[in-house]
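This report describes selected features of one protein model. The sequence and structure are shown first, and the description follows.

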Amino acid sequence: MSLRLPGVRTRLTDLAEQAGVSTATVSRVLNGKPGVAGETRQAVLAALDVLGYERPSALRARPAGLIGLVVPELSNPVFPAFAQAIESQLASRGYTPLLCTQSPGGTTEDEYVETLIDHAVDGIVFVSGKHADTRASTERYQRLRGRGLPIVLINGYAAGIDAPFVSPDDAASVELSVRHLVALGHRSIGMAIGPDRFVPAKRKIEAFAAQLVRHGLAATEQEAREHVALTLYTLEGGQAAAGDLFDGGHTAVVCGSDLMALGAIRAAHSRGLSVPDDVSVVGYDDSPLVAFTDPPLTTVRQPVADMAHAAVSALLTEIHGERAPRSELLFTPELVVRGSTGAAPRP
């Protein structure tokens, strides 16, 4: 934007109106003059962005530092959603994120960490990392903390790691799903979930077993676990697990991810079953586009934006030399009812 071009008065007026300030205040901000409150200055800069003007070079934010962001493979839509939300939060605070995505047979989490250390990052955010695997050693995180490097861990928990944890309430998500299906009349409900060595899956399985007992659908939690099919967090995994559950007479399946739920719908269709007339399917995450599948997917929305905000705030608190809470922050999920669940079929 050039303030010397014809029409500058109109541009100043537009900016002033958008920011809710006077044109004189806009002029002071654009010319870098003192005497403007920080909140007012930010409002003017936001107005520049909203109206599509390029900020004068003197007003562009200088990078505050580098932050590592380690996420699993991006084939599951929820992980790109986390990456985007966290990157947005970091950028708004002046930090530059370095995104590290894992894939089977590719660069490992530990290798990424070494690279991030070589780049002198100020901190690292881990999403569904090794901290979520109950069989993995936590020593890698202890070493990072021993170096004084701030870290935040999302979606998983391991006792003894000196770092903030941010997670969705997995037990609450299962309670929402089962209660919804029971209200629809379903009495034979199964669960398709990933390997139980991962904390989120373990928590969901425990909650599922407790819910079946609570609603009188199983005599004991041990019996309830017979209605759980372990698989991979993929469309194919969901299809295989849900297929076994449908063959066993289950009329509804609670899935550990939206991808698995789409696989479950495919399994139903391959057996000539209608969703939701014959069987119901509930996903998890509320990934982009699942509202537009056939049928639109009933799912539990993971509060990605709120979790990203909390994780970044905790990390920057640590970077600025203060101590963030070490208790695990649990965020309440939300059931989103769409077309993949319906009344249980009559016997």
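How many bridges join E5 to strand E11, and do they run parallel or antiparallel?

## Strand E5 and its partners

The model is predicted. Strands E5 and E11 (residues 329-331) are joined by 3 bridges and run parallel. Within this pairing, Ser 167 has Leu 330 of E11 as its bridge partner. Strand E4 (residues 151-154) also runs parallel to E5, and 2 bridges join them. Here Leu 153 is partnered by Phe 165 of E5.

Along strand E5 (residues 165-168), the side chains of Phe 165 and Ser 167 point one way, while Val 166 and Pro 168 point the other way. All four of these residues are buried.

## The largest pocket

The largest pocket holds about 980 Å³ of space. Its lining comprises 35 residues, of which Pro 72, Glu 73, Phe 79, Ser 128 and Phe 198 are the closest to the centre.

At least two lining residues come from each of helix H4 (78-92), helix H8 (199-214) and strand E9 (280-285). The lining divides by class into 15 polar, 12 nonpolar and 8 charged residues.

The model contains 2 aromatic pairs. In one of them, Phe 126 and Tyr 141, the ring centres are 5.2 Å apart and the planes meet at 85°, so the pair is edge-to-face. Because Phe 126 belongs to strand E3 (residues 123-127) and Tyr 141 to helix H6 (residues 139-146), the pair ties together parts that are 15 residues apart in sequence. Both Phe 126 and Tyr 141 are buried.

A further contact involves a charge: the charged end of Lys 204 sits over the ring of Tyr 284, at 3.9 Å from the ring centre.

Note on methods. Residues are numbered from 1 along each chain as its sequence is written. This is a predicted model: local features need pLDDT of at least 70, side-chain atom pairs count only at pLDDT 80 or more; totals for chains, interfaces and linings use all residues. Side-chain values use heavy atoms; hydrogens and water are left out. Buried means under 20% relative accessible area, exposed over 50%, partly exposed in between (1.4 Å probe, protein chains only). Helices (H or I, at least four residues) and strands (E, at least two) are DSSP runs, numbered from the N terminus. Two strands pair if DSSP finds at least two bridges between them. On a 1 Å grid over the protein atoms alone, a cavity is a set of points where a 1.4 Å probe fits but cannot get out, and a pocket is an open set with protein on both sides within 12 Å along at least five of seven lines; lining residues have an atom within 4 Å of a point. Grid points are joined across faces, edges and corners, and a volume is the space filled by probe spheres set on the points. Ala, Val, Leu, Ile, Met, Phe, Trp, Tyr, Cys and Pro count as nonpolar, Asp, Glu, Lys and Arg as charged, and the others, Gly among them, as polar. Rings of Phe, Tyr and Trp (its six-membered ring) pair if their centres lie within 6.5 Å; planes under 30 degrees apart count as stacked, over 60 as edge-to-face and the rest as tilted. A charge sits over a ring if NZ of Lys or CZ of Arg is within 6 Å of the ring centre and within 35 degrees of the ring normal.
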